[in-house]
Amino acid sequence: MDSIRKLYKVGSGPSSSHTMGPKIAAEKFKADYKKADNFIVTLYGSLAETGKGHLTDYIIKQVLGEFNTTIIFDKVTVFDYHPNGMKFEAYESDQKLGEWLVFSVGGGSLRELNEPRKRKVTDIYPHHSMEEILKYTKEHNMSLVDYVIKYEGQDIIEFAHYILDVMTKTVNQGLNKEGYLPGKLKIKRKAMDFFNKYEESKDFTTLIFALSLATAEENASGGEVVTAPTCGSSGVLPGALLSYYFHHNCCRDKIAEALLVAGLIGNLVKYNASISGAEVGCQGEVGTACSMASAAITYLFGGDNDQIEYAAEIGLEHHLGMTCDPVMGYVQIPCIERNALASKRAYDSAQYAILTNGTHHIMLDSVIQVMKETGHDMNEKYKETSKGGLALRTTEEDDE
Ligand code: SF4
């Protein structure tokens with residue numbers, strides 16, 4: 001499995017696969033063809049279907065140049081390798097300098113056609129399943145945090161604090177903005193209003209919703225977020241963790257450790273299945289985020305490794321089959337509300353797991369496999385193409 005550093009990435013929303021990945025690809029291509037003065041970029045599959053709503057064309061033009069870049073939305077061609085294909089072509093006047101076919105495979109990661117999805121060079125963990133990790137940590141009497149530090153190095157703590165700082169900054173920005181999100185849906189921001197209601201009531205659930213909404217709304221408006229594990233699902237973990245921090249006055253070091261526990265779960269899903277909505281639907285994005293947050297909150301509740309595994313399993317299991325059908329291709333409906341509810345559900349999963357001794361029937365590893373199989377069986381129209389489900393419903397209100 002990759003380092004947790006590869007899972008938590010800082011970048012611009014609204015989508016790690018549709019914005020962050022294409023931005024990184026455009027930057028690399030531009031650096032490779034410094035002499036180019038104009039570009040043609042063809043977007044395929046899911047990028048062609050929902051790229052406009054996800055600001056894919058906007059972000060590519062930001063990098064390559066607004067007036068010298070032509071974007072083609074090819075909605076016919078879909079590569080079997082991955083639905084998020086892009087072809088970059090560089091020109092100097094009429095002369096073609098080169099082209100690059102590349103895929104944005106989720107979480108801001110890029111792969112070339114038929115390149116193995118798992119890169120062995122970054123395989124820093126010797127274990128690839130939760131079962132192996134639980135066995136190892138039991139044998140060595142280790143917490144999951146100790147386990148992560150053993151393989152990532154002590155400075156992973158510093159990295160976790162950096163990620164926590166970015167998440168906090170995003171939440172603060174989101175809480176201080178009013179008005180409408182960009183795009184045709186005319187969705188009103190709610191985070192500030194929810195936070196004001198929390199200030200009056202001190203109701204913890206209201207705070208969870210407010211902080212999750214603050215991040216999800218920032219993401220929807222192209223703000224800076226941390227992929228946790230993706231941009232679309234970036235509100236779940238901050239909603240769960242930062243609400244605990246603020247409401248319970250918890251030590252920030254402990255929250256940073258919980259972030260590492262969450263990262264380990266996200267890594268397992270990323271390695272063994274997928275965190276890309278275009279590949280497996282929203283179960284891979286918000287489902288994984290909820291699983292990560294469930295594990296993190298269980299850690300904060302003082303749960304042992306078995307209880308943490310159980311909570312992570314609950315968080316993912318009850319999102320199995322969840323489709324990705326963003327209305328008009330914007331990462332707004334159902335995404336924003338879904339983030340807030342998944343943050344709350346992480347507490348329910350943790351509370352449930354902590355009431356047990358951690359033993360249960362279906363393990364996290366199995367649910368990750370089921371998620372992968374379900375995603376592959378899922379009709380394409382429910383995988384970030386905006387061709388089915390909620391995406392076909394028009395909104396009459398400025399509300400979800
Ligand atoms: S529905 Fe889920 S997977 Fe799809 S764009 Fe929204 S958050 Fe991402």
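Trainee: Which residue in β5 stands opposite E89?
Mentor: E99 does. Bear in mind that this is a predicted model.

Trainee: How many bridges join β4 to β5, and do they run parallel or antiparallel?
Mentor: There are 8 bridges, and the strands run antiparallel. β4 covers residues 85-92, β5 residues 95-106.

Trainee: What about β5 and β6, parallel or antiparallel?
Mentor: Antiparallel, over 4 bridges. S104 stands opposite L110 in β6. The two strands form a hairpin with 2 residues between them. In the turn, G107 has a positive phi of about 65°.

Trainee: And what's the strand order in the sheet?
Mentor: β3-β2-β4-β5-β6. This is an open sheet of 5 strands, and the pairing is mixed. The edge strands are β3 (69-74) and β6 (109-112), each pairing on one side only. Neighbouring strands are turned by 25° against each other on average, direction ignored.

Trainee: Which helix packs on the sheet?
Mentor: Helix α2, residues 16-32. α2 touches β2 (38-44), β4, β5 and β6. The direction of α2 makes about 150° with that of β5.

Trainee: New topic: the ligand. Where does it sit?
Mentor: In the largest cavity.

Trainee: Which residues are around the ligand?
Mentor: G232, C282, E285, C324, C335 and R338.

Trainee: How does that shell divide into nonpolar, polar and charged?
Mentor: 3 nonpolar, 1 polar and 2 charged.

Trainee: Now the backbone. Which residue does a cis peptide bond join to A228?
Mentor: P229, with omega about 5°. P229 is in the loop between β7 (224-226) and α10 (236-248).

Trainee: What about the bond from I333 to P334, cis or trans?
Mentor: Cis, with omega near 10°. P334 belongs to the loop between α14 (305-317) and α15 (335-354).

Trainee: Why flag those bonds at all?
Mentor: Because most peptide bonds are trans. Most residues other than glycine also have a negative phi.

Trainee: So what is phi for K202, positive or negative?
Mentor: Positive, near 60°, and K202 is not a glycine.

Trainee: Where is K202 found?
Mentor: In the loop between α8 (191-201) and α9 (204-220).

Conventions: Residues numbered from 1 in each chain as written. Predicted model: local features only at pLDDT ≥ 70, side-chain atom pairs only at ≥ 80, totals over all residues. Heavy atoms only, no water. Near = heavy atom within 4 Å. 1 Å grid on protein atoms, 1.4 Å probe; cavity = no way out; pocket = protein on both sides within 12 Å on 5 of 7 lines; lining within 4 Å. Sits in = over half its atoms within 2 Å of the grid points. Nonpolar A, V, L, I, M, F, W, Y, C, P; charged D, E, K, R; others polar. Pairing = 2+ DSSP bridges. Axes fitted to C-alpha atoms, helices over the stretch in contact; angles between N-to-C directions. Contact = heavy atoms within 4.5 Å.
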